[in-house]
Amino acid sequence: MSSSKVILVPTDFSDSAELALDHAIEMARATKARIVLLYSCPLPYVTPFDGAIVPNGDVIRAMEDAGRRGLAELISKHKGSCIEISPVSKMGDPRSVILDVAKETPADLIVMGTHGRRGFARFFLGSTAEAIVRTSPIPVLTVRAPVETATSKAVGT
């Protein structure tokens with residue numbers, strides 16, 4: 001890690017993402033790093049056969065506000081950790097946003113949760129963690145919650 005030591009922790013507010021944050025806090029404590037906690041919300045759209053429907057500005061603002069509130073709650077929950085945690089909330093495809101923020105901060109490490117989906121669910125939902133592992137120019141640590149909790153409260157599921 002460089003002298004500035006930044007750990008990027010993307011979150012979707014799932015159990016596996018919260019577990020990844022817990023691991024990142026322990027790593028930050030050991031390395032005197034700071035954490036950038038990122039929520040990236042993909043712009044939802046419906047694609048009927050004749051085009052795309054994008055939500056209006058009110059819906060987008062509500063989604064952004066919900067993301068900021070979620071980040072604030074997570075940071076508040078870890079207030080006693082004595083680790084600097086900075087929130088970042090951006091709209092866009094999480095795969096792109098995570099890599100962009102990693103470059104902008106600049107992060108030394110990405111620590112992120114993975115849901116461990118397989119088969120049909122993985123085919124339709126994809127794997128953000130897998131995409132980041134394959135394309136990230138910096139190290140990525142993935143954290144998987146135990147199977148009984150991994151499917152719980154991810155935003156949008």
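**Which pattern does the protein chain follow when read along the sequence?**

**Figure 1. The whole chain at a glance.** This is a predicted model. Read along the sequence, the protein chain runs β-α-β-α-β-α-β-α-α-β-α. That gives 6 helices and 5 strands. Buried residues account for 38% of the 157 residues. Look at the contacts with a separation of 6 or more: 77% of them join residues 24 or more positions apart. The accessible surface comes to about 9,000 Å², and carbon and sulfur atoms hold 58% of it.

Figure 2. You will find T11 in β1, the strand formed by residues 6-11. Is T11 buried or exposed? T11 is buried, because its relative accessible area is 7%, and buried means under 20%. A polar atom of the T11 side chain lies 2.9 Å from the backbone nitrogen of F13. Setting aside neighbours within four places in sequence, T11 is in contact with A17, L37, L38, Y39, S40, L71 and L74.

**Figure 3. Two rings that pair up, F13 and Y39.** The count of aromatic pairs here comes to 1. The ring centres of F13 and Y39 are 4.9 Å apart and the planes meet at 40°, so the pair is tilted. Where do the two partners sit in the chain? F13 belongs to the loop between β1 and α1, while Y39 belongs to strand β2 (residues 34-41).

**Figure 4. Helix α1 and what covers it.** Which residues of α1 are buried? They are S16, A17, E18, A20, L21, A24, I25 and A28. Here is a handy idea for reading such a list: an α-helix has 3.6 residues a turn, so residues three or four places apart point the same way. The cover over the buried residues of α1 includes the strands β1, β2, β3 (85-91), β4 (109-114) and β5 (140-144), along with helix α2 (57-77).

**Figure 5. Just past the end of α1.** Follow the chain out of the helix to reach K32. Just after α1, K32 takes a positive phi of about 60°.

Terms used:
Residues are numbered from 1 along each chain as its sequence is written. This is a predicted model: local features need pLDDT of at least 70, side-chain atom pairs count only at pLDDT 80 or more; totals for chains, interfaces and linings use all residues. Side-chain values use heavy atoms; hydrogens and water are left out. Helices (H or I, at least four residues) and strands (E, at least two) are DSSP runs, numbered from the N terminus. Buried means under 20% relative accessible area, exposed over 50%, partly exposed in between (1.4 Å probe, protein chains only). A polar contact is a pair of N or O atoms within 3.5 Å; within protein, one must be able to donate a hydrogen and the other to accept it, and residues adjacent in sequence count only if both atoms are side-chain atoms. Contact means heavy atoms within 4.5 Å. Rings of Phe, Tyr and Trp (its six-membered ring) pair if their centres lie within 6.5 Å; planes under 30 degrees apart count as stacked, over 60 as edge-to-face and the rest as tilted. Accessible areas come from the Shrake-Rupley method with a 1.4 Å probe; for residues, only the protein chains shown count as cover.
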